[in-house]
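Please open the model in a viewer and keep the selection panel at hand.

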Amino acid sequence: MGHFGMQIQVRLFAALAETAGTRAFPLDVPAGSDAGAVREAVQAHFPQLRGLCGRAGIAVNAEYTGADHVVKEGDEIALIPPVSGG
Amino acid sequence: MQSGAVLIQLTDEALDPAPLVESVRTDASGAVALFYGVVRDHNEGRKVLYLEYDAYRELAERQMRLVADEIVAAHDIERVAIAHRFGRLEIGETSLLVAVSSAHRAAAFDACHAAVDRIKQTVPIWKKEFWAEGGVWLDGTPVDSAGESPA
């Protein structure tokens with residue numbers, strides 16, 4: 001996307017990964033996008049995730065963040081479905 | 001004396017409680033509380049055949065350490081160790097171990113209980129349940145930006 005875009009890495013887990021059929025992929029988003037915009041872009045890329053993304057939290061570079069966190073070129077953005085460990 | 005979180009482990013191999021107990025026990029310990037989470041053969045009226053755990057490994061390890069630090073800060077205890085398994089687990093296998101040492105038993109029990117609750121609320125690990133006719137990722141606790149579950 002050249003000067004006005006940037007590439008980030010997306011990671012998916014559990015039901016999100018299974019439904020999308022992938023656990024990790026690069027995604028081009030506009031420069032200056034925040035994490036919430038990335039979550040929207042992931043849903044646009046994989047419409048089948050629409051129902052699942054609403055309750056997903058977000059982590060940037062393996063740290064939980066809010067949807068308003070501005071992401072940078074090369075960042076790793078993970079969508080975190082409701083957790084069920086233990 | 002070393003204090004706080006002494007052993008944090010996320011692995012796809014069988015969990016062994018002995019190293020955790022050994023890592024938390026000190027000569028000042030009067031109690032070690034050890035919790036096992038184990039895979040049971042039923043859930044919500046269905047027969048469960050096995051579980052598959054997924055994990056965001058980098059964040060899960062970080063979050064397990066945060067939980068341990070938080071528990072040490074909030075309770076009158078000595079040390080905490082946490083181990084979680086991922087991958088396929090059969091019925092009866094151990095998915096989670098939490099060991100807590102303290103001078104007296106009450107604090108160890110309380111802190112161990114609190115640690116297990118926090119792990120289940122904030123650590124990015126997921127379980128899928130498999131039955132004879134299929135399987136499903138279990139619904140869990142949404143995490144917010146601080147890694148907290150909304151109250």
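The stops below take each chain in turn, then a helix pair, then the contact between the chains.

**Stop 1: chain A.** Bear in mind throughout that this is a predicted model. Traced from the N terminus, the elements follow the order β-α-β-α-α-β-β-β. Along the principal axes, the C-alpha atoms of chain A occupy a box of roughly 45 × 25 × 20 Å. How does the radius of gyration of chain A agree with that of a compact globule? Chain A has 12 Å, and a compact globule with 86 residues would have a value near 12 Å, so the two agree. Of the 86 residues in chain A, 38% are buried. Among contacts in chain A between residues at least 6 apart in sequence, 54% link residues at least 24 apart.

**Stop 2: chain B.** Now select chain B, whose secondary structure amounts to three helices and 10 strands. The pattern along the sequence reads β-α-β-β-β-β-α-β-β-β-α-β-β. Chain B has a radius of gyration of 16 Å, close to the 15 Å given by the globule rule for 151 residues, so chain B is as compact as a globular protein of that length. The C-alpha box here is roughly 50 × 35 × 25 Å along the principal axes. Buried residues account for 38% of the 151 residues in chain B. Of the contacts in chain B with a separation of 6 or more, 74% are between residues 24 or more positions apart.

**Stop 3: a helix pair in chain B.** Select residues 57-74 and 105-122 of chain B, which are helix 2 and helix 3. Their axes lie 10 Å apart, and the helices pack at an angle of about 150 degrees. Helix 2 of chain B is therefore roughly antiparallel to helix 3 of chain B. The crossing of these two helices of chain B is right-handed. Next, show the side chains at this contact. From helix 2 of chain B come B:Gln63, B:Met64, B:Val67, B:Glu70 and B:Ile71; they meet B:Ala111, B:Ala114, B:Ala115, B:Arg118, B:Ile119 and B:Thr122 of helix 3 of chain B. By class, the residues of this contact are seven nonpolar, two polar and two charged.

**Stop 4: where the chains meet.** Finally, display both chains together. Which elements of chain A each supply at least two residues of the side that touches chain B? The contact involves 18 residues from chain A and 29 residues from chain B. On chain A, the elements to select are helix 1 (14-20), strand 3 (57-60), strand 4 (64-65) and strand 5 (76-80), each supplying at least two residues of the side that touches chain B. The residues of that side of chain A comprise 11 nonpolar, six polar and one charged.

Conventions
Residues numbered from 1 in each chain as written. Chains lettered and ligands numbered in written order. Predicted model: local features only at pLDDT ≥ 70, side-chain atom pairs only at ≥ 80, totals over all residues. Contact = placed C-beta atoms within 7 Å. Helix = DSSP H or I, 4+ residues; strand = E, 2+ residues; numbered from the N terminus. Nonpolar A, V, L, I, M, F, W, Y, C, P; charged D, E, K, R; others polar. Rg over C-alpha atoms; globule rule 2.2 N^0.38 Å. Buried ≥ 20, exposed ≤ 12 C-beta atoms within 10 Å, placed from the backbone. Axes fitted to C-alpha atoms, helices over the stretch in contact; angles between N-to-C directions. Parallel < 35°, antiparallel > 145°, perpendicular 65-115°, else oblique. Left-handed = near helix turned anticlockwise from the far one by under 90°.
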